[in-house]
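These are my notebook entries on one structure.

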Amino acid sequence: MSKTAVDSTTTLASEPKGRTGAARILLGRDAVMIYLLAAFLVFAAVSIPRFASPLTAGFLLLDVIPVLLIAMPMTLIIITGEIDLSVASIAGLTSACMGVLWAGGMDIGLVLLLSLLVGTAAGVFNGFLIAVVGLPSLAVTIGTLALFRGLALVVIGDNAVANFPAQLTSFFTSKLGATGIPTVMVGVVAVVLFFGILLHFTPFGRGLYAMGFSQEAATFVGIDVARSKFWLYVASGLVSAMAGIFWTLRYSSARSDNASGLELAVIAAVLLGGVSIFGGKGSVPGVIAGVLLIGTLNYALRLGRVSDVVLITVTGLLLIVSVVAPSMGAAIRQWRHTRRVRRNFNHSASPVASA
Amino acid sequence: MQTDPDLQGQPPVALSLAHAAKTFGPVVALADGTIEIREGEIHALMGENGAGKSTLVKILAGLHQPDSGDFRIAGEPVSFRNVAESKAAGVSVIYQEPTLFPDLTVAENIFVGRQPKGRLGLISQGEMRRQAAALFGQLGVAIDPGRVAEGLSIADQQIIEIAKAISLDAKVLIMDEPTAALSGVEVDRLFAVARGLRDQGTGIMFISHRFEEVFALCDRITVMRDGKYVSTHVTEDVSVDRIVREMVGRDIAELFPKEAAEIGAPVLSVRGLSRAGVFRDINLEVRAGEIVALAGLVGAGRTEVARAVFGIDPYDSGEVLFGGKPLKGGSPQAAIAAGMGFVPEDRRKQGLVMDLSVARNVTLTLRKRFARAGLINGRAELRAAEEWSRRLQVKAGSPEHAVSTLSGGNQQKVVLAKWLATEPRFLIIDEPTRGIDVGTKSEVHRLISDLAGRGIAILMISSELPEVLGMADRVLVMREGRISAELSREEASPESVMHAATVAAATN
Amino acid sequence: MDNTNTDTRPAGAQPGAGRPRTAATRKGAGGKDALASLLKLRELPVITALVLLVAITYLNNPLFLSPQGVKDLLLNATIMMILAAGQAVVIITRNVDLSVGSILGLVAFGTGSIFAAAPGMPIALVLLIGIAFGAVLGSVNGLLVTLAKVPALVITLGTLYVYRGLNNVWAGGTQYFAGDRPAEFGALSVDTFLGIPLITLLAIAVVAAVAIYMAGTRPGRDLYAIGSEPDAAKLFGLPVSKRVFLAFLANGALAGLAGVLYASRFNSVGATTGTGMELDVVAAAVVGGVAIFGGSGSVVGAAIGAMLLTTITSSLTALRVDKFWQQAIVGVLILAAIVIDRVASLRSAKKLRISEARNV
Amino acid sequence: ACGSQESSAEGSPAAGGGDQSITFIPKQLNNPYTDVVLGGGKAGAEEAGFASNQVVGPLEASASSQVSFINAETQAGTNVIAVAANDPDAVCPALQEARTAGAKIVAFDSDTNPDCRDVFINQVVAKDVALIQVELIAEQIGGKGQIAILSATANATNQNEWIKFMEEELKSNPEYKDIELVAKVYGDDDDTKSFQEAQGLLQAYPDLKGIISPTTVGIAATARYLSQSEYKGKVALTGLGLPNEMRDFVKDGTVTEFALWDPAQLGYVAAFAGKALVDGTITGASGDKFTAGELGERTVGEEGTIIVGPPTVFNKDNIDDYDF
Ligand SMILES: Nc1ncnc2c1ncn2[C@@H]1O[C@H](COP(=O)(O)OP(=O)(O)OP(=O)(O)O)[C@@H](O)[C@H]1O
Ligand SMILES: Nc1ncnc2c1ncn2[C@@H]1O[C@H](COP(=O)(O)OP(=O)(O)OP(=O)(O)O)[C@@H](O)[C@H]1O
Ligand SMILES: [Mg+2]
Ligand SMILES: [Mg+2]
């Protein structure tokens, strides 16, 4: 490497003079979500009786934990331009396995470990079909959505297992002192930090954005597209298993239908959080804001005894507006540009013709 | 063009475009697009790569709306909002890139939107296939009209495009490099068909880089350069040399200053590289400080060779030696680790991640290098990005701006910066100045020359003759997947390169 | 004739030196090809699976194909068939509609409301109203997708929620029961003609009409072209937005029809009718050979896919197989459908490459 | 704050209720049976003197879906939470938390784990419900043949208890020795699913003589299927159903007899039990007594269970006398 043009040490030693890009971050799509969340929190605290209380934090967080957990790998997967619809089924399968293993008299530690392994194996299966065989993720995970849920039914049938160790189940609903924050949030925050750092501060994460925009460009800079995707699905399986375990122990009920339908809620939250379904765009803070916004809305409405009906309608509208608004803006700009150009064109047409 | 006295009193003008302009953001694709096609003539449009021919075609097709200009069909001013309108006005286009529907049958590809109807007003597959077969008969080819288009060779795709266009019975038929992928027999048949159409009064516009074709077929020739109209000639009255001069229009040596550099030991040796159906028995060597140009017509397989060398595509046989050691095939990671870089031809799709910032793009190749304990040091990253942008004089508002906001030339500099930052020993540069304006072009050339001066071995793929002749120490010419000639800087001339690129006899 | 020829590319460029292009490498349409094209039929795997499933079940439990058994099988498939046909139209254009379950629910409840308000309303009119209502809901999807140019997956996920919400707002706790509707309306899903229930006949007619439209008319073929290569479609001058909009509208109309038939067949319609159907419908289309990325597959295939999925349920029960296996089997079927599709396309790609190479 | 107009007019004995509140959380909103129960609950709450009564609940009856509603009620400081549990265990931690915060828990219709509530308002003695259904089916099939059960969800506490009693009775009572219970299937209280389960049963068991469906959604869906099929009049159907939903099927001969208590009374008693708990009149201990409005005095039985009343059997002759 002696003959190369540049001495990298001098390059790296030179003083940074660039902008931090603060403005870009402050006005970005994720930031809007965060402002929206903050605004709604303030509104709820002022207008909904008893909202501003530590109890809220506890209950609300317990409610959003499964979505928040699964949203993390989902964010990364959608950023690469793929999707995973099987997450809730993996959680259900994990729950079913937990129930059967525990009812079978296995040590709880081992039960938890095996359950995580089951989820991971499900992720490996997805990853193999999508990254290695190269099948479309939407179709594959619709298939595994049914398959994993089906396996959950095969494993545990219509039974429910409820007699998990009391210390364990109460740990899962316990709070950190008087803060009202659930103890398990420590673990959740660790997972969130892991994925946040992975996405935003590691070479791997950089690669994911590049892949999302253009797989070809990513290949050209030496990113192993298939391998990255494979690991994302494995991670998704593992985290879905965690969510399944949380679900089981929080409700102290292992059933095959646990967490069913959660996949669409997760995807809605992730998209609302500013992740583009086309891939390439999105951030973990934005997604956290998206998840919390839906969660808070949900909780505030329940506290205000407003029906869930309103909630699902609002969620749907938010989702539509969040994608339609930006492209409507672009479409209007484009239309005005075209109109202007056409006017110019017609204008200039006559003099040229006469020349 | 209206000034040509020979054509006074000739058949009426079928289509005319005057002083059309079209810009894409900072890129001026067309500054003064002017052409006039008469009924019953075949009119060639010639110009270098990037001269704006295809852009002009797309305006005629209604695909692009010009920013200004006068566009008439049969004397009436028109302004098409979309392709359907131009079609309705009798303009039929064969695009440079085939645009087939892979899942539809060949026959259906030809007749989409106007399939023949049978009983009950339903599409008659049989009739459609019969008509398609008849068209193929006219063109003298035997493609099964019932098969799907998926997997057809480029040549067959092109033939289907031609069949599609002539079946439209258009008043004006525009063909953008229809022959680029065709064999001699097919070209001859196409010409016969084109002459037949001309004799029926159709106005035909024909784009090709091959002089012998243009001179054999066309009645008039219009030349474009750098997005501007240059001249129109009656074919009989003009020579190839004159056209070449008008197309290039500048002194090659002045524009592309390759500085002499010390040529060192071989960095890359490729031996007997073959990939079935793509390229065959490629041998080449690039030395430190040397610029080797890979010339040839579009479609000759140059890019494919480069992709295989870099590990993007696999190859069937042969080997790649890098610094004397064999390089693992099929792995860009290995190539990068060894010290290779690749500036691809398609900047937007392959070279850059358009929506990411300049800084991110520059450091994309360096992801691992800035990681401390697995985490990227953002400041060091930004610093490096700025340093490299500065060295290459990238003009960007801020390194945080999306690279899509930059002009083509500056984007290309970002791609170069990205690879230079990896401190490569060998760089493949595919079409270094495609879509770059003339001013920035010479800057990019200076840069490449500079790199060679510092001992980097460079393999440059270029379809622009002046660029090849001006920059290269050695020119390898490819034709149909093989290297057909190796020319030293002294031997290389427009004639010798073109000859090797087009004429079969030159090889063996 | 291997690679002994001078060049390795399919595309010769030199004038004069033509490469032989024998008719042998390109098959013309012939008699033997009828069988070949039957074997290449995308729907073949799903048809085979359906036939096998029915045969095996019948051998084990002859009651499965008793008149009542057949009637039940057909009735079960009816609604899903219509939905899958509609979904196929949308997927063929490289889009997807996740809101069909919600549309069905709204229309089904609307049907209940109509009969509650005007018990004497002619059934044909109710059908038309239901279809129109569905079409309106579908066209909202279509408008958002084509005007705002945002991916259908997101938009229809949004309308999935919004429509469900509207249904809840509208219905609240109200449910309409079979008894609230005229007996003739319910009889549609009881009475048979030649052993086939009337609503199934209606569904078959509709699926056939849609299939003919897709296969035999220009706009229908445009949908395939658009899904196959949207950029080329634009270059070619096809009215892409208009067609895609119509595909969503048609899908909505079909979901509307399914909603009315739902009300005829089942006991109650209310706020939750049709919940969670969306992925089943997409799965049915995929199993039926409709490529998830558009361009290929057929409405008939999707309908048969729907039939297969609904038949599995009955079949497993009739075989007294542990019904817990049912969903897992559905999952395996979907995956098998995708893998078969991929293997087939890889095989044909390889075959083509070899034939091209021989050509050189 | 004080009670609504009607409740003061009724002159409820516990008029000093102040700002006490009760919230009902049914298994699922928009279920006709539930609506009748809640109608009674509302009336009861007003009469008992609650300042506010609310109904909240999930749109789908899954095990975990009730928890966040319980949480919200806990935080809202609701005095009495009346819940019909989808899953006896899943709601437990949340109910415990609510109790810690001072709420009284009344389970109704479907019990929770007994540790997690103060009292459970049961329709009838579980065994009676089971017996009457077995009796009805035995009568309708002439005392012999195969029967099957089509239930709600596999975890529904109430249904499972009845099924357990039915099985025991079929086994132990010599009168039923010729009756064979061949299958138990679950329609999840979903119309479509129940419909298809019924259909599957008949196909899988060609000799089936009768079906018991101890859930209102299930019996209506099964009746709908039978009435449309060749099995109409050949396969007997009984269970628990709402007269309004079953009227047509009884009249057209699909169903001869079925049973149910008055669901409104369930809600009504639940409201008064809640009031008694808040006032301290009862603690939920066995033997506690309170007055349930116009229904008179009720006694808390074993495990905090309060029985509402005997089931009614509906048939062609009396069904028009009822409207719920
Ligand atoms: N075996 C093949 N069958 C069909 N098409 C092929 C085959 N091999 C190459 N092509 C196509 O031929 C075209 C030209 O190939 P390639 O890009 O290598 O040429 P090039 O000389 O680099 O030209 P360019 O100037 O476009 O870079 C490409 O579109 C490629 O996909
Ligand atoms: N959509 C676009 N966006 C930006 N730049 C464009 C676009 N289309 C064309 N250009 C640029 O406009 C210029 C003219 O391109 P055009 O394709 O018309 O050249 P051409 O004469 O057809 O060349 P060739 O002989 O290579 O086909 C090029 O610099 C090209 O990069
Ligand atoms: Mg061009
Ligand atoms: Mg190339």
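Entry 1, terms and basis. I count a polar contact when two N or O atoms lie within 3.5 Å; within protein, one must be able to donate a hydrogen and the other to accept it, and residues adjacent in sequence count only if both atoms are side-chain atoms. The model is predicted, so local features need pLDDT of at least 70 and side-chain atom pairs count only at pLDDT 80 or more, while totals for chains, interfaces and linings use all residues. Residues are numbered from 1 along each chain as its sequence is written, chains are lettered from A and ligands numbered from 1 in the order in which they are written, and side-chain values use heavy atoms, with hydrogens and water left out.

I found 12 residue pairs in polar contact between chain D and chain C, both residues at pLDDT 80 or more. By contact (heavy atoms within 4.5 Å), 29 residues of chain D meet 31 residues of chain C. The buried area (accessible area, 1.4 Å probe, that two parts lose on being put together, summed over both) is about 2500 Å², and carbon and sulfur atoms give 48% of it. In chain D, Asn30(D), Gln203(D) and Arg224(D) lose the most area to chain C, together 26% of what that side buries.

Helices (H or I, at least four residues) and strands (E, at least two) are DSSP runs, numbered from the N terminus. On the side of chain D that touches chain C, α2 (32–48), α7 (191–204), α8 (216–228) and α9 (243–251) of chain D each supply at least two residues. The most come from α7(D), with 11 residues.

Strands pair if DSSP finds at least two bridges between them. I read an open sheet of 6 strands in chain D, in the order β2-β1-β3-β4-β5-β13, with parallel pairing. Its edge strands, β2 (52–55) and β13 (305–307) of chain D, each pair on one side only. Between β5 (residues 119–122) of chain D and β13(D) I noted 3 bridges, and Asn122(D) stands opposite Ile307(D).
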